Amino acid sequence: MTAEFDITTILTAKADQQEALQQALLHYADQSKTEEGYLAFHIGYDKSQPPRFILNERWQDHAAFLANEKSDIFQDFASMFKRFLEKPLLSVFSVPLMED
């Protein structure tokens, strides 16, 4: 059995792009639900630094995440990074240490 695969990404919007990034994140999350291997998605923002968004994705396994990265859905989203982001995004990839 392969382990579920989680990705936590921190994205910091340019001051004038916060709303646009938020809308792009919501659209990406909605579209990703159609991808094979999708399990969960959570988007939040850092209350202490409002232009900073936190994106948590859960995929069936690493292969499902890699397939998503190659999809038009992800590629369209990633093409907006330069326009929206104040600084490079930070992603952390993880697998569970133990089962519930």
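Tutor: A residue counts as buried under 20% relative accessible area, as exposed over 50%, and as partly exposed in between (1.4 Å probe, protein chains only). Of the 100 residues of this chain, 34% count as buried. The structure is a predicted model, in which local features need pLDDT of at least 70 and side-chain atom pairs count only at pLDDT 80 or more, while totals for chains, interfaces and linings use all residues. Residues are numbered from 1 along each chain as its sequence is written, and side-chain values use heavy atoms, with hydrogens and water left out.

Student: How many helices and strands make up the secondary structure of the chain?

Tutor: Helices (H or I, at least four residues) and strands (E, at least two) are taken as DSSP runs and numbered from the N terminus. Here the chain has 4 helices and 4 strands. Their order along the sequence is β-α-β-β-α-α-α-β.

Student: What does the radius of gyration of the chain agree with?

Tutor: The radius is taken over C-alpha atoms, and the globule rule is 2.2 Å times the number of residues to the power 0.38. For 100 residues a compact globule would come near 13 Å, and the 14 Å of this chain agrees with that. The C-alpha trace spans about 45 × 30 × 20 Å along its principal axes.

Student: How far apart in sequence are the residues that contacts in the chain join?

Tutor: Contact means heavy atoms within 4.5 Å. Among contacts between residues at least 6 apart in sequence, 72% join residues at least 24 apart.

Student: What do the surface of the chain and its charges look like in numbers?

Tutor: Accessible areas come from the Shrake-Rupley method with a 1.4 Å probe; for residues, only the protein chains shown count as cover. The chain exposes about 6600 Å², of which carbon and sulfur atoms supply 54%. For charges, Lys and Arg count as positive and Asp and Glu as negative, without His and the chain ends; each charge is placed at NZ of Lys, CZ of Arg, CG of Asp or CD of Glu. There are 9 positive and 16 negative side chains, and the centres of these two sets lie 9 Å apart.

Student: How many aromatic pairs does the whole structure hold?

Tutor: Rings of Phe, Tyr and Trp (its six-membered ring) pair if their centres lie within 6.5 Å; planes under 30 degrees apart count as stacked, over 60 as edge-to-face and the rest as tilted. The search finds 9 such pairs. In one of them, F5 and F93, the ring centres are 5.9 Å apart and the planes meet at 25°, so the pair is stacked. This pair links distant parts of the chain, with F5 in strand β1 (residues 5-12) and F93 in strand β4 (residues 90-94), 88 residues apart.

Student: Is F5 buried or exposed?

Tutor: F5 is buried, at 8% relative accessibility. F93, with 44%, is partly exposed. Leaving out residues up to four places away in sequence, F93 touches F5, D6, I7 and F65.

Student: Which parts of the chain does the pair of Y28 and F77 tie together?

Tutor: The rings of Y28 and F77 are stacked, at 4.5 Å centre to centre and 5° between the planes. Y28 lies in helix α1 (residues 18-32) and F77 in helix α3 (residues 72-78), so the pair joins parts 49 residues apart in sequence. Y28 is buried at 1% relative accessibility, and F77 is buried at 4%. Ring pairs also link Y28 and F77 into a cluster with Y38, F41, W59, F74 and F81.

Student: Which residues does I43 contact beyond its neighbours within four places in sequence?

Tutor: I43, in strand β2 (residues 38-45), is in contact with L25, L26, A29, I54 and L55. The C-alpha atoms of I43 and I54 are 5.8 Å apart, although the two residues are 11 apart along the chain. I43 is partly exposed, at 26% relative accessibility.

Student: Where does K14 lie, and what does K14 touch?

Tutor: K14 is in the loop between β1 and α1. Not counting residues up to four places away, K14 touches K82, R83, F84, L85 and E86. K14 and K82 are 68 residues apart in sequence, with their C-alpha atoms 9.8 Å apart. K14 is partly exposed, at 27% relative accessibility.

Student: Which residues does Q18 contact in turn?

Tutor: Q18 lies in helix α1. Apart from neighbours within four places in sequence, Q18 contacts A13, P50, P51 and F53. From Q18 to P50 the C-alpha distance is 8.5 Å, across 32 residues of sequence.
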